[in-house]
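Welcome! Take a moment to turn the structure around on your screen, and then let's walk through it together.

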Amino acid sequence: MRVALLFLILLASANAFAYDKRTMCSGAKQCLDLEVRDCSAADKKKVSRVKYDQKFCAPFLEIKKRGVLLDTEISKEMFSLLGQKYRAVYVTEGVLSVSPGMVGYLFDNMPFTAKLINAYQESSYSIKYTTPNRRVFSGSNGRSLSGDFIWVAQDSAKAKVGFRNVFFGVGRAKILKWHLHGTAVAFLDMDPVGKDKVRYKLTAIVFPGNTVLNSIMQMSAFKGIVEEKIDWIINDIQRASKRYIDGEREPILKSAELKTEIEKQHLKEFESVVRGAPWTLGDYFKKKGNDGLSR
């Protein structure tokens, strides 16, 4: 749905990605006892001033548990970041007042979701897929935030397809006179609460570039700002969804973005889901014969 935008805020003060073979190899070896090809004995040694305890290794184990292949370029890039000394972890959770089927449909058709929100909120959200399998996409809030993202995995060892997700992305933000950019790994978990609500939990890990940034990003005041921005985006989703569920259709009729033939088809499908037709996140890929995501 709008998960790309949920952690764009977190990326603003983070370190721009710089691949480091040393931190990748040491993290994979020390946390997972994983022998990555092309890693020398020196590469796999512990990085100075990094404590490879349960807390530090938890994200490595989480990535493995979620069924992500550990020898891909994407996983190596994530390990490189996670193996660095500095990281800031943000957790936000709550309940969306929409059915699991609606969540599934909105996630499977993210560009449509952006246009639906724009119709009701008079906003300028946008998301576009940049690969045919829809694994890679770009997002923007139409103002100061934008980014490019990879949907790395869509299940947790195939236990809850569509409701245990891994994302990896690079975001950009303009705040006053500063242009900031950075990288994050994010886990998004969702669980149905009855038939009309979904509980969500977003865990985003960002990577400060130095001690000063690390100290700032750990402050409760900074985390409060992050939570406020995320809540703002969540509220946009909630308000648009509720107005649609309540039968308000005038914004849809006025929206130029929703007048194309493909969006008319999306509206028909979405209306069917709202009325109770089943839709599991990942149904789009099932129709195409594969899930399009990394395992």
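## The whole chain

Please keep in mind that this is a predicted model. The protein chain contains 12 helices and seven strands. Of its 295 residues, 53% are buried. How much of the contact in the chain comes from residues 24 or more positions apart? Among contacts with a separation of 6 or more, such residues account for 65%.

## Helices 6 and 7

Let's begin with helix 6, which covers residues 100–108. Nine of its nine residues are buried, so helix 6 is largely enclosed by the rest of the structure. Those buried residues include Pro100, Gly101, Met102 and Val103, and Tyr105 and Asp108 are also among them.

Helix 7 spans residues 110–121. Is helix 7 mostly covered or mostly uncovered? Helix 7 is mostly covered, with 10 of its 12 residues buried. Among the buried ones are Met110, Pro111, Ala114, Ile117, Asn118 and Tyr120.

Angles of 65 to 115 degrees count as roughly perpendicular, so helix 6 is roughly perpendicular to helix 7. On the helix 6 side, the contact involves Tyr105, Leu106, Phe107 and Asp108; on the helix 7 side, Met110, Phe112, Thr113 and Leu116 take part. Sorted by class, this contact has six nonpolar, one polar and one charged residues.

## Helix 3 and its two partners

Now look at helix 3, residues 21–32. Helix 3 packs with helix 4, and its axis also comes within 7 Å of the axis of helix 5, residues 73–82.

| Helix pair | Angle between axes | Axis separation |
|---|---|---|
| Helix 3 and helix 4 | about 85 degrees | 9 Å |
| Helix 3 and helix 5 | roughly 85 degrees | within 7 Å |

Helix 3 and helix 4 are therefore roughly perpendicular to each other. Their contact is made by Gly27, Ala28, Gln30, Cys31 and Leu32 of helix 3 together with Phe56, Cys57, Phe60, Leu61 and Lys64 of helix 4. By class, there are seven nonpolar, two polar and one charged residues in this contact of helix 3 with helix 4.

The axes of helix 3 and helix 5 cross at roughly 85 degrees, which makes helix 3 roughly perpendicular to helix 5. Here Thr23, Met24, Ala28 and Leu32 of helix 3 meet Lys76, Phe79 and Ser80 of helix 5. The classes in this contact of helix 3 with helix 5 are four nonpolar, two polar and one charged residues.

Between helix 3 and helix 4 runs a loop that holds Lys51. With 63% relative accessibility, Lys51 counts as exposed. The C-alpha atoms of Lys51 and Lys85 are separated by 8.6 Å, although these residues are 34 residues apart along the chain.

## Aromatic rings

How many aromatic pairs does the structure hold? There are 11 aromatic pairs. One of them joins Phe56 and Phe60: this pair is tilted, 6.3 Å centre to centre, with 35 degrees between the planes. Both residues lie in helix 4 (residues 54–65), four residues apart, about one turn of the helix. An α-helix has 3.6 residues a turn, so residues three or four places apart point the same way. Phe56 is buried, with a relative accessible area of 9%, and Phe60 is buried as well, at 0%.

Another pair, Phe112 and Phe270, is edge-to-face, 5.7 Å centre to centre, with 65 degrees between the planes. This pair links distant parts of the chain, with Phe112 in helix 7 and Phe270 in helix 11 (residues 261–274), 158 residues apart. Phe112 and Phe270 are both buried.

Finally, look for one aromatic cluster formed by Phe107, Phe137, Phe149, Trp151 and Phe167.

How values were computed
Residues numbered from 1 in each chain as written. Predicted model: local features only at pLDDT ≥ 70, side-chain atom pairs only at ≥ 80, totals over all residues. Heavy atoms only, no water. Helix = DSSP H or I, 4+ residues; strand = E, 2+ residues; numbered from the N terminus. Expected span 1.5 Å × (residues − 1). Buried < 20%, exposed > 50% of the residue type's maximum accessible area, 1.4 Å probe, protein only. Axes fitted to C-alpha atoms, helices over the stretch in contact; angles between N-to-C directions. Parallel < 35°, antiparallel > 145°, perpendicular 65-115°, else oblique. Contact = heavy atoms within 4.5 Å. Nonpolar A, V, L, I, M, F, W, Y, C, P; charged D, E, K, R; others polar. Phe/Tyr/Trp six-rings, centres within 6.5 Å; stacked < 30°, edge-to-face > 60°.
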